[in-house]
Amino acid sequence: MSELGEFLRSRRARVQPEDLGLPVVGRRRRVPGLRREEVAQLAGVSVDYYVRLEQGRGQGASEAVLDAVAGVLRLDATERAHLYDLARPPRTPVRAQAQSVRPGVRRMLDLFDGPAFVIGRSMDVLAWNALADAVIGLSALPPEQRNMARHAFLSPAGRALYLEWRPVATATVAYLRLGAARYPGDRALAALVAELGEGSEVFRELWQEHGVREKSYGRKVLGHPQVGRLEVDFETLELPGDPDQLLVVYTAEPGSVTAGRLAALVPVAV
């Protein structure tokens, strides 16, 4: 089945017919969630057309059709954009270019009093400040290993750093899913996904769930080998002029235990 088909199938499996006012009497349902004919009926398209869409033969599907399907499947804004990426791949695959960080952004990182770093579209860490290095240990890694997805799934240090590891793993896979659809010609990203799938059973399981999520904000609980538990909030900002680069900043409540522990790392970081 195509990526588009697998995504649509995973989304309709989570929508129950009674949620949409459909009767559930009759023959026993062999699949969870909605049937294909039910999605087609509610979206106002023929069953044959929807089947072709799930088979990956829906190139050229109109915005009206995609929006109707997205509405039936109750897709959020990120999932809706992902549907468009899958249903309307570029005729010529986008060749992702090598990424570099502007000097001004590098100088800006040093102005933050919390850990801050920049990641690229494949979650490669492109630049960081001294405190981010003290928390994550980036400079000690070989350049090819400075990647937040590899760090989370393949590095024992990464598994130890994230005390609440499963939410981090889920969000990481969901973000890589978005990138794989946006950049179908990015060989480095495809190779990273293959590497993670080969090296981690959990990654393979999460990849099959077809979850998608932008990086935005949230909370992480870290276990630092020197200062112990760190409870940080993170904010993710898209850099102007470089939409494939994200600035990630960790902050702590002023006066909190975590703020004090981060301050204790400053002499190590500078």
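## Salt bridges in a predicted model

Guide: Welcome! The count of salt bridges here comes to 16, a salt bridge being a side-chain nitrogen of Lys or Arg within 4 Å of a carboxyl oxygen of Asp or Glu. This is a predicted model, where local features need pLDDT of at least 70 and side-chain atom pairs count only at pLDDT 80 or more, while totals for chains, interfaces and linings use all residues. Residues are numbered from 1 along each chain as its sequence is written, and side-chain values use heavy atoms, leaving out hydrogens and water.

Visitor: What makes arginine 12 and glutamate 54 a salt bridge?

Guide: Their closest N and O atoms are 2.6 Å apart, and the rule asks for within 4 Å, so the pair qualifies. Arginine 12 sits in helix α1 (residues 3-12) and glutamate 54 in helix α3 (residues 47-54), so the bridge ties together parts 42 residues apart in sequence. Helices here are DSSP runs (H or I) of at least four residues, and strands are runs (E) of at least two, numbered from the N terminus.

Visitor: Why is glutamate 54 called buried?

Guide: Buried means under 20% relative accessible area, exposed over 50%, and partly exposed in between (1.4 Å probe, protein chains only). Glutamate 54 has 0%, so it is buried.

Visitor: How do you know whether arginine 36 is buried or partly exposed?

Guide: Arginine 36 has 27% relative accessibility, so it counts as partly exposed. Its side chain also meets that of glutamate 54 in a salt bridge (3.0 Å, N to O).
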